[in-house]
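I opened the notebook to go through this structure chain by chain. Entries follow in the order I looked things up.

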Amino acid sequence: MQVTSRKFKESAHEAMADEDLRAAMNRIRTAFTTARADAAAELPEFESLRDQAAEIKDHVLDNLDYYLEYFEQKVVAEGGHVHWCSTAEEARQAVLKICRDANARTVTKGKSMITEEIALNKFLASEGIEPIETDLGEYIIQLADEPPSHIIGPAVHKTREQVTDLFHEHHQQYGYQDREEDPEKLVGEARTVLRHKYVTADVGITGANFLIAETGSTVIVTNEGNGDLTQSLPKTHIVVASLEKIVPTLEDASTLMRVLARSATGQEMSVYTTFSTGPKRKDDIDGPENFHVVLLDGGRTEMLGTELQELLRCIRCGACMNHCPVYHAVGGHSYGWVYPGPIGAALNPQMVGIEEARHLPNASSFCGRCEEVCPVRIPLPKILRYWREKTFEQQIGPQPDRWAIEWWGFFAKRPWLYRQTTRLAARVLSMIAGDKGRIRSLPFAKGWTSVRDLPAPEGKTFMEQWKKHNREGR
Amino acid sequence: MTAREKILGRIRAQKKRGPLAGADADLLKQRIADHARNIVPERSRLPKAGQVDLFQTKMEGLGATTERVASAADIPARIRDYLSQKNLPTRIKVSPSEILTGLGWDTVPMIEVVVGAGTEEDMVGLSPAFAGIAETGTLMMLSGPETPSTVNFLPENHIAVLKVSDMVGAFEEAWDALRAAHGEALPRTVNLISGPSRTADIEQTLIMGAHGPKTLHVILVEDGT
Ligand code: SF4
């Protein structure tokens, strides 16, 4: 997808003024967070399962080459094929080649963030192959020609009216003349339209939540059942997955399953968890004849053994964005690339370059909620701090920010001067604010004061109050 | 250099080591062969009767319906009643599995039994489950010549038959049962199904029956356990 992370500030401003988006973000903030908290409370072992989930992922990352080769050998033994792809372009070409061999004209797709990452739909369309998204949310944004705004709810930013308009525009060709507004009827329309597509598609493409070394299986998790129809009706099933999705055994996958849906939607299990191993067997009467796994690196192996390795534990549950005040405020599109929210802010600088994504590490209030809820305990704030330091070192932050940090550094190294200066500042600010204790407008702080007042210090610095408190406490 | 070599090479370079061999590799191989259990939730450790109760509670909480029958012979009549109660068509697609096709369907002549894989026009599908998992109210269904997985997904209404003797507490027990029945190689498809299909993609309003079945009914057969 087109990277627009560079425009984070502008996009965020527009997003904050968008009433529909506000309503959508409010639904996320309330529904997902409550559901997750309830699910976690229901399972006494939840916290220890999170520890174990993180351990399993660490173990895999330390031995990634071994498990990948083991997985490959199992897939091949079951009659499937593995295509190793270092870059997005290699992955696109691998998919294209399989589609060409299958004489494919249409391709149905289950939900897959990796195919978003490699911008597969645009590419296939440009090669004359029609990709059809089947997850309802993905289908909606495909009709709208927009990128996803959430990793598990790609169309969370869309209102019912917008879906009504989209379906009305695109479904007339199938005989739906009425403008339907009822969500149930809208879902029914999509169901009927897509049903026929599943049956007639030449190739089905899905992603994978897990790859299992022990059995050579790929695993998808859905609530709709679209992934199952996508992968069982066409003659060829292609799984597009990134290589860190691997786990050693079915037991390890079970541990991760126990934390995935609970963290994502607050369900104990998503409705359908499907393990696919090779193509259909000799006497099977349904299932695909060909099974391909397109295994993408896409910059991930470079993160191994670095400060960023822990990001590769991510199981893409979406909990960090569901709980992020910045995501709630700016929505998913502002992040400007496939992955939004805290995981996007931490990952995108690596994937699209820190120069392009330089604003993202600042899109955090460092409240720490993301780390608190992350099922695999990724220290997201720590990684955002790492990127902030990087942008400072490489001098790619905005010039005023860097001056500010340099100034602060100068004073911080001189405690006496620091205390005197802050004391003076506190008193001046207190005087400007007068009785109200709030400042309406302040040069150098327009980003804050143009939309809200700045609470003024009461005239004493933190250090002064601390000392006083300690004296009185004794 | 192939992409495969590049990727494996990068992993090793980043990890500052060569390919894992000897004792290191043996350890990992053994870890897979052992497939040791991690933490298994306490709630799954129940006697069989408790497992069945938990399964039913969980399944119903997910929007499915369940019922128990004393023997498999009761299934045709119960299905007739279920279809008429729900006002569903009487033509049903049945998995070509002896367990189901061998039932006395001639006792319910109003039901038209069509045996085979699922197709676009099927309104009701009937298939046998390999296991039930009480922990979360989940069915485990396997694909095979007698159990095409399309029967679980294409029809608008799905009825699954589960023998109480195939009920287990936790996922791990189901994997062991699967390994015992199938050896190391899994069938092409293993479906874990927890309730009927749903979506919340339009303004987070929950709607049942997005692409898979709108309804799921589980018939538990108390086969002398
Ligand atoms: S970083 Fe953690 S919380 Fe965020 S999507 Fe990944 S696993 Fe989920």
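Accessible areas here come from the Shrake-Rupley method with a 1.4 Å probe. With that in hand, I looked up the area of chain B, and chain B exposes about 8,900 Å². Carbon and sulfur atoms supply 54% of that area. I keep in mind throughout that this is a predicted model.

**Entry: chain B overall**

I looked up the secondary structure of chain B and found seven helices and twelve strands. I then took the span of the C-alpha trace of chain B along its principal axes, which is about 70 × 40 × 40 Å. Of the 225 residues in chain B, 54% count as buried. I also checked contacts in chain B with a separation of 6 or more, and residues 24 or more positions apart account for 72% of them.

**Entry: chain A overall**

Chain A has 21 helices and twelve strands. I noted that 57% of its 474 residues are buried.

**Entry: the largest pocket**

How much volume does the largest pocket have? I noted a volume of about 1,200 Å³. I looked up its lining next: 48 residues line this pocket, and the closest to its centre are A:Ile152, A:Asn223, A:Thr265, A:Gln267 and A:Ser270. I then asked which elements give two or more residues to the lining. From chain A these are helix H2 (19-42), helix H6 (113-117), strand E6 (217-222), helix H11 (226-232) and helix H12 (250-264). From chain B they are helix H3 (48-61) and strand E10 (198-199). By class, I recorded 21 nonpolar, 18 polar and nine charged residues in the lining.

**Entry: around the ligand**

Which residues are the closest to the ligand? I listed A:Cys314, A:Cys317, A:Gly318, A:Cys320 and A:Cys374 as the closest of the 14 residues that surround it. I sorted this shell by class and got twelve nonpolar, one polar and one charged residues.

**Entry: two positive phi angles**

I looked for residues other than glycine with a positive phi and noted two. A:Arg377 has a phi of about 50 degrees and is not a glycine. I placed A:Arg377 in the loop between helix H16 (369-373) and helix H17 (380-393) of chain A. Is A:Arg377 buried or partly exposed? Its relative accessible area is 27%, so A:Arg377 counts as partly exposed.

B:His35 is the other entry, with a positive phi of about 25 degrees although it is not a glycine. I found B:His35 in the loop between helix H2 (22-34) and H3 of chain B. B:His35 has a relative accessible area of 17%, so I wrote it down as buried.

I placed A:Arg385 in helix H17 of chain A. Its relative accessibility is 43%, so A:Arg385 counts as partly exposed.

B:Arg12 lies in helix H1 (residues 3-14) of chain B. I marked B:Arg12 as buried because its relative accessibility is 16%, and buried means under 20%. Leaving aside neighbours within four places in sequence, I listed its contacts as A:Asp65, A:Glu69, B:Arg17, B:Gly18 and B:Pro19.

A:Leu347 sits in helix H15 (residues 341-352) of chain A. A:Leu347 has a relative accessible area of 3%, so I noted it as buried. What does A:Leu347 touch, not counting residues up to four places away in sequence? I found A:Met303, A:Leu311, A:Arg316 and A:Tyr339. A:Leu347 and A:Leu384 are 37 residues apart along the chain, and their C-alpha atoms are separated by 9.2 Å.

B:Met167 lies in strand E8 (residues 167-168) of chain B. I recorded B:Met167 as buried, at 2% relative accessibility. Not counting residues up to four places away in sequence, B:Met167 touches B:Lys48, B:Gln51, B:Val52, B:Phe55, B:Gly132, B:Ile133, B:Ala134, B:Leu162 and B:Leu220. I also took B:Met167 against B:Thr136: 31 residues apart in sequence, 12 Å apart in space, C-alpha to C-alpha.

How values were computed:
Residues numbered from 1 in each chain as written. Chains lettered and ligands numbered in written order. Predicted model: local features only at pLDDT ≥ 70, side-chain atom pairs only at ≥ 80, totals over all residues. Heavy atoms only, no water. 1 Å grid on protein atoms, 1.4 Å probe; cavity = no way out; pocket = protein on both sides within 12 Å on 5 of 7 lines; lining within 4 Å. Points joined across faces, edges and corners; volume = space filled by probe spheres on them. Helix = DSSP H or I, 4+ residues; strand = E, 2+ residues; numbered from the N terminus. Nonpolar A, V, L, I, M, F, W, Y, C, P; charged D, E, K, R; others polar. Buried < 20%, exposed > 50% of the residue type's maximum accessible area, 1.4 Å probe, protein only. Near = heavy atom within 4 Å. Contact = heavy atoms within 4.5 Å.
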